[in-house]
Amino acid sequence: MSASHFALLPHRSVIAVGGPDRAEFLQGLISNDTAKVGPGRAIWAALLTPQGRFLNDMFVVEDESGMFLIETERERAAALAKKLKMYTLRSKVTVEDRPAGMEVAVVFEPDAEQVLPVAGATAFVDPRLPELGVRALAPAGQAAALLKLPEAPLAEYEALRLRLGVPDGSRDLIVEKGLLLESGFDELHGVDWQKGCYMGQELTARTKYRGLIKRRLFPVKVEGPLPPSGTPVQRDGREVGEIRSGQGDRAIAMLQLEAASGALVAENSRILPERPAWMKIPETS
């Protein structure tokens, strides 16, 4: 397509967090700094277990009323809202799951930023990579009218995401097992190393400063049928990783760093790992 277009993201939903303590409340829980959040200015972050394992990914942005909107996985939003409510304790915070009240859209390729601002919606440049475009949180059923752009199939945006090698929630990170630094959260601006303590910070910091990461999520090209998520990836008969999300001839795979070059095999397909420009692999000693 020669002009910007948008796709609806039906697998994403919105939670609203309000109250005077909202920023401080989230600051103690998630991996990024809520001081960076403002109207039209979002962060990408994760909620972790106390042991530093992945629970939820999210975008956090402020709407025109000062409310924090959390965009996250629709199927897991109710559980996340319940967990956040559990942590409020005496904080002056309100948490509201809005599964039916809002929808999420993404404007992408080319010149997506020209759509900003979007009257009637909360829109922001994707803080992970500018190539991922602009995300818009709109009242349910109104995204198309507010954006005033042609609608594209979700598959077109998915192809872009997979080509860039950017993870998509629990499709790519295993809940209660995944580590942020295995999954690109450092380079994709999902962790703030200067902020105060948050849940799971100790393990996250240790994996960074001690260089403990031995595997990473990589974009891969698939020659042959797309293997299902969870399919082992092998080299010379030895398992070196597994397939996560995918579409067509592209996928995300968790691979051992030592095996992330040359051709691999998953079922009856050849798997060709790629290293996106944004990814930084530390030198091994």
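This is a predicted model: local features need pLDDT of at least 70, side-chain atom pairs count only at pLDDT 80 or more; totals for chains, interfaces and linings use all residues.
**Group meeting: a sheet, a helix and an arginine**

Okay, let's start with a pair of strands: strand 1 and strand 7, the latter covering residues 102–108, run antiparallel and are joined by four bridges.

Now zoom out a bit. That pair belongs to an open sheet of four strands, ordered 1-7-9-8, with antiparallel pairing. Strand 1 (5–8) and strand 8 (122–125) sit at the edges with a single partner strand each, so one side of each has no neighbour in the sheet. From one strand to the next, the twist averages 25 degrees.

Next up, helix 2, residues 74–88. The buried residues here are R76, A77, L80, A81, L84 and T88. An α-helix has 3.6 residues a turn, so residues three or four places apart point the same way. As for what the buried residues of helix 2 pack against, the list includes helix 1 (22–27), strand 2 (12–18) and strand 4 (54–62). Just after the helix, L89 takes a positive phi of about 50 degrees.

Last one: R250, in strand 13 (residues 250–256). Buried or exposed? R250 counts as buried, because its relative accessibility is 17%, and the cut-off for buried is under 20%. Its side chain makes a polar contact with the side chain of E274, at 2.6 Å. Beyond its sequence neighbours, R250 also touches L162, R163 and V220, among others.

Definitions and conventions. Residues are numbered from 1 along each chain as its sequence is written. Side-chain values use heavy atoms; hydrogens and water are left out. Two strands pair if DSSP finds at least two bridges between them. Helices (H or I, at least four residues) and strands (E, at least two) are DSSP runs, numbered from the N terminus. Axes are lines fitted to C-alpha atoms, for helices over the stretch in contact, and angles run from 0 to 180 degrees between N-to-C directions. Buried means under 20% relative accessible area, exposed over 50%, partly exposed in between (1.4 Å probe, protein chains only). A polar contact is a pair of N or O atoms within 3.5 Å; within protein, one must be able to donate a hydrogen and the other to accept it, and residues adjacent in sequence count only if both atoms are side-chain atoms. Contact means heavy atoms within 4.5 Å.
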